[in-house]
Amino acid sequence: MSTTTPADREVTLDHCRPADVTPVSVEAAALESTAPGHLRDLNREFAEENLSPVELTVEACFDEDCSLATQEQADQLREYVRAASFLGVGTLTVAVDDVANAEKVRPALAACAERAEREGLVFDLEGPITLEH
């Protein structure tokens with residue numbers, strides 16, 4: 001349950017003003033680490049360069065019909081959800097290359113999407129699978 005009403009958000013948005021920053025998309029593969037210390041340093045570097053990370057893009061592959069492999073990939077995606085939230089991006093884009101068993105993968109992706117939503121992120125899924133059946 002949210003304590004913020006849509007009208008409250010509109011008031012906040014009305015009081016925003018442009019900042020002189022460049023929006024950037026960050027590739028997850030380029031992150032050296034998702035450790036808080038590293039992400040904190042990265043945020044500082046973005047600020048010093050007048051850059052604002054708005055999207056974190058992740059490539060995911062579920063090419064094994066194995067519950068353990070699916071869980072391992074989902075755990076990695078959850079790490080990127082946390083990193084995206086820490087970096088302050090608005091969108092986590094997950095590009096899925098291959099899916100061996102959609103019935104195993106769909107619930108794992110749905111859980112990641114739910115986690116992203118709780119963190120205030122848009123979960124953008126690209127590829128041969130959707131969250132709907």
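Which residues is Glu55 in contact with, leaving aside its neighbours within four places in sequence? I started my notebook with this question, and I worked on a predicted model.

**Entry 1: Glu55**

I looked up the place of Glu55 and found the residue in strand E2. Leaving aside neighbours within four places in sequence, I listed Val24, Ser25, Val26, Val89, Thr91 and Thr93 as its contacts. I then checked the side chain of Glu55 for polar contacts. One goes to the side chain of Ser25, at 2.8 Å. Another, at 2.5 Å, joins Glu55 to the side chain of Thr93. The relative accessibility of Glu55 is 22%, so I wrote the residue down as partly exposed; the limit for buried is under 20%. I also took a C-alpha to C-alpha distance from Glu55 to Leu87, which came to 9.3 Å for two residues 32 apart in sequence.

**Entry 2: Thr93**

I followed the 2.5 Å contact to its other end, Thr93. This residue sits in strand E3. Is Thr93 buried or exposed? Its relative accessibility is 4%, so Thr93 counts as buried. Not counting residues up to four places away in sequence, I found that Thr93 touches Glu55, Leu56, Thr57, Val58, Asp124 and Glu126.

**Entry 3: the whole protein**

I stepped back to look at the protein as a whole. I counted four helices and four strands. Read from the N terminus, the order is α-β-α-β-α-β-α-β. The C-alpha trace spans about 50 × 35 × 25 Å along its principal axes. Of the 133 residues, 28% are buried. I also looked at how far apart in sequence the contacting residues are. Among contacts with a separation of 6 or more, 79% are between residues 24 or more positions apart.

**Entry 4: the largest nonpolar core**

Which members of the largest nonpolar core touch the most other members? I noted Leu56, Leu77, Leu92, Val94, Val96, Leu109 and Phe123, out of 31 residues in this core. Next I checked which elements supply at least two residues each: they are helix H2 (36-48), strand E2 (51-62), helix H3 (67-87), strand E3 (91-99), helix H4 (102-118) and strand E4 (122-126). H3 gives the most, with seven residues.

Leaving aside neighbours within four places in sequence, Val96 is in contact with Ala60, Phe62, Leu109, Leu125, Glu126, Gly127, Pro128 and Ile129. Glu126 also turned up among the residues that Thr93 touches.

**Entry 5: the largest pocket**

I looked up the largest pocket and wrote down a volume of about 170 Å³. Its lining consists of Glu27, Ala28, Ala29, Thr57, Val58, Glu59, Gln73, Gln76, Leu77 and Tyr80. E2 and H3 are the elements that give two or more residues to this lining. Which element gives the largest share? That is H3, with four residues. I sorted the lining by class and got five nonpolar, three polar and two charged residues. Leu77 is in this lining, and Leu77 was also on my list from the largest nonpolar core.

**Entry 6: Arg106**

I went to helix H4 to find Arg106. Is this arginine, Arg106, buried or exposed? Its relative accessibility is 11%, so Arg106 counts as buried; the limit is under 20%. Not counting residues up to four places away in sequence, Arg106 touches Ile129, Thr130, Leu131, Glu132 and His133. I checked the side chain of Arg106 as well, and it reaches the backbone oxygen of Glu132 at 3.2 Å.

**Entry 7: two loop residues**

I ended with two residues in loops. Asn50 lies in the loop between H2 and E2. Asn50 is partly exposed, with a relative accessible area of 43%.

Glu32 is in the loop between strand E1 (22-27) and H2. Its relative accessibility is 74%, so Glu32 counts as exposed; exposed begins over 50%.

Technical notes
Residues numbered from 1 in each chain as written. Predicted model: local features only at pLDDT ≥ 70, side-chain atom pairs only at ≥ 80, totals over all residues. Heavy atoms only, no water. Core = buried A, V, L, I, M, F, W, Y, C linked by side-chain atoms within 4.5 Å. Buried < 20%, exposed > 50% of the residue type's maximum accessible area, 1.4 Å probe, protein only. Contact = heavy atoms within 4.5 Å. Polar contact = N/O pair within 3.5 Å; in protein donor to acceptor, adjacent residues only side chain to side chain. 1 Å grid on protein atoms, 1.4 Å probe; cavity = no way out; pocket = protein on both sides within 12 Å on 5 of 7 lines; lining within 4 Å. Points joined across faces, edges and corners; volume = space filled by probe spheres on them. Nonpolar A, V, L, I, M, F, W, Y, C, P; charged D, E, K, R; others polar.
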